[in-house]
Amino acid sequence: MLNQFKDHIAVNYPELLKNHFLVACSGGVDSVVLTHLCALNKMDFSIVHCNFQLRGYESDMDAFFVEDLARKIGKRIHIKDFDTVDYISINKVSLQMAARELRYRWFEEIMEINKIKTLVTAHQADDNLETFIINLSRGTGIKGLTGIPAKTSTISRPMLIFSRAQIVQFAEINNITWREDRSNRETKYLRNKIRYNVIPKLKELHPGFLANFESTRANLEGSATLLKNYLTVLKQNLFQQQDDIIKISISSLLKLEPIKVYMYELFHEYGFKEWDDVVGILTAISGKEVRSGTHRLIKDREYLLLQPIYPSIVEKFVIDAISGTITEPLGMKIDDVKAMGETSNKILYVDKETLNLKLSIRKWEKGDYFYPFGMNGRKKVSKFYKDEKMDLISKEKQWLLCSGDAIVWVMGRRGDDRFKVTPKTKNILKFTITE
């Protein structure tokens, strides 16, 4: 097993032979054997151990054991005690999630402080099978069936080529001791139920089940890579990035079959889960939207608009109607001028005497109306937006320049007739949007 490990590292993880790295060691057989293999291969590493203080004396003994192992093989060790119960209470997460968040956050801190690029963990082949079954039971796409990645930008898992049985056998042959966590036998956790109740039955059906699974998983991983490459090209053709918004042609999407599969592959990375709703938005009325925890997908006539969800904050910026420059919520110059000059959709001239000197810039509110320049009578701002064929996101981004309760300018689009410059105007104020 040692020779296989050496060859595996040389071929697939050569960077671990050149650079210092961290080994996560719990004291269990998998991580202890990993630690010994790295030491026997004369690799340069430090050990990290988390004491989650969930099993009292036994948790402390795990920490003492790993500390003694580090001393025996001459390696530096980092140990941290966590108040896991308190973290669960404050953050309202499961025990497994709490432990994961705490340890990986701490690992990242150590790596940043010590300028270490790689963390090595002891995930092995049986862990991969368990993860596959968990994802399969919960519902997943092809990516969820490829198991645990052997390598990411910061984590390496060289033990995935070995089964739990091989690891235990190596430990026993080489008189390597380890710590047993009795909670790993408790089948109230889904992973343990699969480990002790499901996988043994599968291995009974076929002695080579684990090896056959690994072959199938490798095939799925290859298929996932092909799919990823295809989706990259497809997104380049379909997704039009405009600032923080992605526009996607609905007619182009509707040509894809099977549409539900395509919609899943195109949008699942944005956190969407209600796939009937996501597919349904293609034929919904304009303005319909579907939300995930991080993004929203909006139907706008011929396009879907994909945008991150930002905190909803009602803002009103008060400004003085005097010459000067403002920077919030957008850049604008205010100048006293003697006569009207250049014109554009970013410039507005008003009769200064018609203004309340305390101006404000804000977003649309229900019931807003104004008197569009060049038209008779008033018009609801919402109707003006509709006539301008503004999509929902553009409406939400639109700023209004107001004098008291009256709208002076739908900024960049239309001024209000009540504030226009006339032959009787004595003082003219010029507003120029600069961004």
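Buried here means under 20% relative accessible area, with exposed over 50% and partly exposed in between (1.4 Å probe, protein chains only). What you're looking at is a predicted model, where local features need pLDDT of at least 70, side-chain atom pairs count only at pLDDT 80 or more, and totals for chains, interfaces and linings use all residues. Residues are numbered from 1 along each chain as its sequence is written, and side-chain values use heavy atoms, with hydrogens and water left out.

**View 1. Helix 6 and its packing partners.** The buried residues of helix 6 include Leu129, Phe132, Ile133 and Ile134, along with charged ones such as Asp126, Asp127 and Glu130. They pack against helix 2 (29-40), helix 7 (164-173), helix 8 (190-205) and helix 9. Helices (H or I, at least four residues) and strands (E, at least two) are DSSP runs, numbered from the N terminus.

View 2. Axes are lines fitted to C-alpha atoms, for helices over the stretch in contact, and angles run from 0 to 180 degrees between N-to-C directions; contact means heavy atoms within 4.5 Å.

**View 3. Two pairings in the sheet.** Strand 6 and strand 7 pair over 4 bridges in the antiparallel sense, with Gln240 standing opposite Lys247. These two strands form a hairpin with 2 residues between them, and Asp243 in the turn has a positive phi of about 55°. Strand 9 (residues 295-300) and strand 10 (residues 303-308) are also antiparallel, over 6 bridges. Look for Arg296, whose bridge partner in strand 10 is Gln307.

**View 4. Glu265, buried without a salt bridge.** Glu265 belongs to helix 11 (residues 259-267). The nearest side chain of opposite charge, Lys235, is 8.0 Å away, while a salt bridge takes a side-chain nitrogen of Lys or Arg within 4 Å of a carboxyl oxygen of Asp or Glu. Lys and Arg count as positive, Asp and Glu as negative; His and the chain ends aren't counted. Setting aside neighbours within four places in sequence, Glu265 is in contact with Leu227 and Leu231.

Definitions and conventions:
Pairing = 2+ DSSP bridges.
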